[in-house]
Amino acid sequence: MPEGDTIHRTAGRLRPVLEGRTVQAFDAPRLVGPGPAPGTGIEAVEARGKYLLVRFADGTTLETHMKMSGSWHIYRRGERWRRSRSAVRAVIETDHGWLAVCFSAPHVRLRPTTTGRSPGRQDGTAHLGPDLCLPDADQAEAVRRFGVRDGSTSMAVALLDQRICCGVGNVYKSEVLFACGIHPETSVRAVDEATRARVVATAAELLTRNLGSGPRVTAVVDGRPGLAVYGRAGAPCGVCGTPIRRAVHGIHARSTYWCPTCQPAPARPVEG
């Protein structure tokens with residue numbers, strides 16, 4: 001599943017093509033009802049956690065979530081597409097000959113645009129916590145939301161809860177916990193508020209650091225920039241040399257990587 005930095009990068013590529021332009025044609029084969037009519041202005045392209053939103057001047061917003069399979073492509077009118085038309089979920093053609101094409105996204109919705117004047121309406125992102133890809137993200141609110149989570153939840157699961165803070169996926173979950181020296185099975189209740197604040201700040205720092213082009217980098221390992229633990233099961237930790245481990249966590253069995261030395265396991269309660 002794309003992480004928050006990937007969606008922000010995608011939004012950055014789409015903005016020059018869509019923002020300030022008008023719709024020449026719109027098609028979303030699986031949506032019910034009409035989409036934006038030709039001549040409708042395109043007001044904004046936004047990333048919100050793992051959602052990508054295209055806001056139109058007619059008061060509607062196209063909301064897409066890529067999950068594991070989706071992607072957005074940009075083409076010139078008449079250019080050959082790199083994916084099959086059977087995978088198309090939305091096409092926005094603009095007045096200056098560009099097409100933005102969404103392929104294989106399992107979540108595509110056209111909703112009324114939410115504004116401050118319509119508090120009764122909510123788009124699909126209303127439940128999300130602060131977006132840590134944004135430089136002005138409310139980190140204190142994310143820390144507060146950790147505090148109202150079920151205390152028995154592991155940190156590996158809680159970091160993926162987009163209601164606490166959004167943008168963190170499997171890669172950053174593992175990298176943030178390594179950077180903070182926290183074992184993934186540590187319960188939320190075992191982490192004090194100051195450490196939660198450090199976790200949130202670290203996630204925000206790593207996400208915003210990777211919003212530009214180029215490969216994702218969270219650490220320097222063996223003199224090369226890359227990832228500290230994610231995808232490196234069995235390889236030596238770049239700090240202590242201990243083999244990195246992998247396990248799955250949560251009801252969705254999401255992969256987590258960690259160093260058992262740099263991230264010691266939480267103490268087990270004494271029975272008796």
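**Helix packing, an enclosed strand and the cysteines**

The buried residues of helix 2 pack against helix 3 (155–158) and helix 5 (193–209). Please bear in mind that this is a predicted model. Helix 2 itself covers residues 139–147, and its buried residues are A142, V143 and F146. Viewed down the helix axis, these buried residues fall within an arc of 100°, so they line one face of helix 2.

I turn now to strand 4. How many of the residues of strand 4 are buried? The count is 6 of the 6, across residues 60–65, so the strand is largely enclosed by the rest of the structure. In a regular strand, side chains alternate between the two faces of the sheet. Here, T60, L62 and T64 point one way from strand 4, while T61, E63 and H65 point the other way, and all are buried.

Strand 4 has pairing partners to consider. With strand 3, residues 51–56, the pairing is antiparallel and runs over 5 bridges. Within that pairing, L62 of strand 4 is the bridge partner of V54. The two strands form a hairpin with 3 residues between them, and G59 in the turn has a positive phi of about 90°. Strand 4 also pairs with strand 8, residues 107–112, again in the antiparallel sense, over 6 bridges. There, T61 stands opposite R111 of strand 8.

Is V88 buried or exposed? With a relative accessible area of 5%, V88 is buried. Leaving aside residues up to four places away in sequence, V88 touches P29, W81, V101, C102 and F103. As for E19, it lies 69 residues from V88 in sequence, and the C-alpha to C-alpha separation is 21 Å.

Finally, the cysteines. A disulfide is a covalent bond between the sulfur atoms of two cysteines. How many disulfides does the model contain? The count comes to 0, under the rule that the two sulfur atoms lie within 2.5 Å. C240 is in no disulfide, although the nearest cysteine sulfur, that of C259, is 3.5 Å away. C240 is partly exposed, at a relative accessible area of 35%. For C133, the closest cysteine sulfur belongs to C166 and is 7.7 Å away, too far for a bond. C133 counts as buried, at 1% relative accessibility.

Thank you; I welcome your questions.

Technical notes
Residues numbered from 1 in each chain as written. Predicted model: local features only at pLDDT ≥ 70, side-chain atom pairs only at ≥ 80, totals over all residues. Heavy atoms only, no water. Buried < 20%, exposed > 50% of the residue type's maximum accessible area, 1.4 Å probe, protein only. Helix = DSSP H or I, 4+ residues; strand = E, 2+ residues; numbered from the N terminus. Pairing = 2+ DSSP bridges. Arc of directions from axis to C-beta. Contact = heavy atoms within 4.5 Å.
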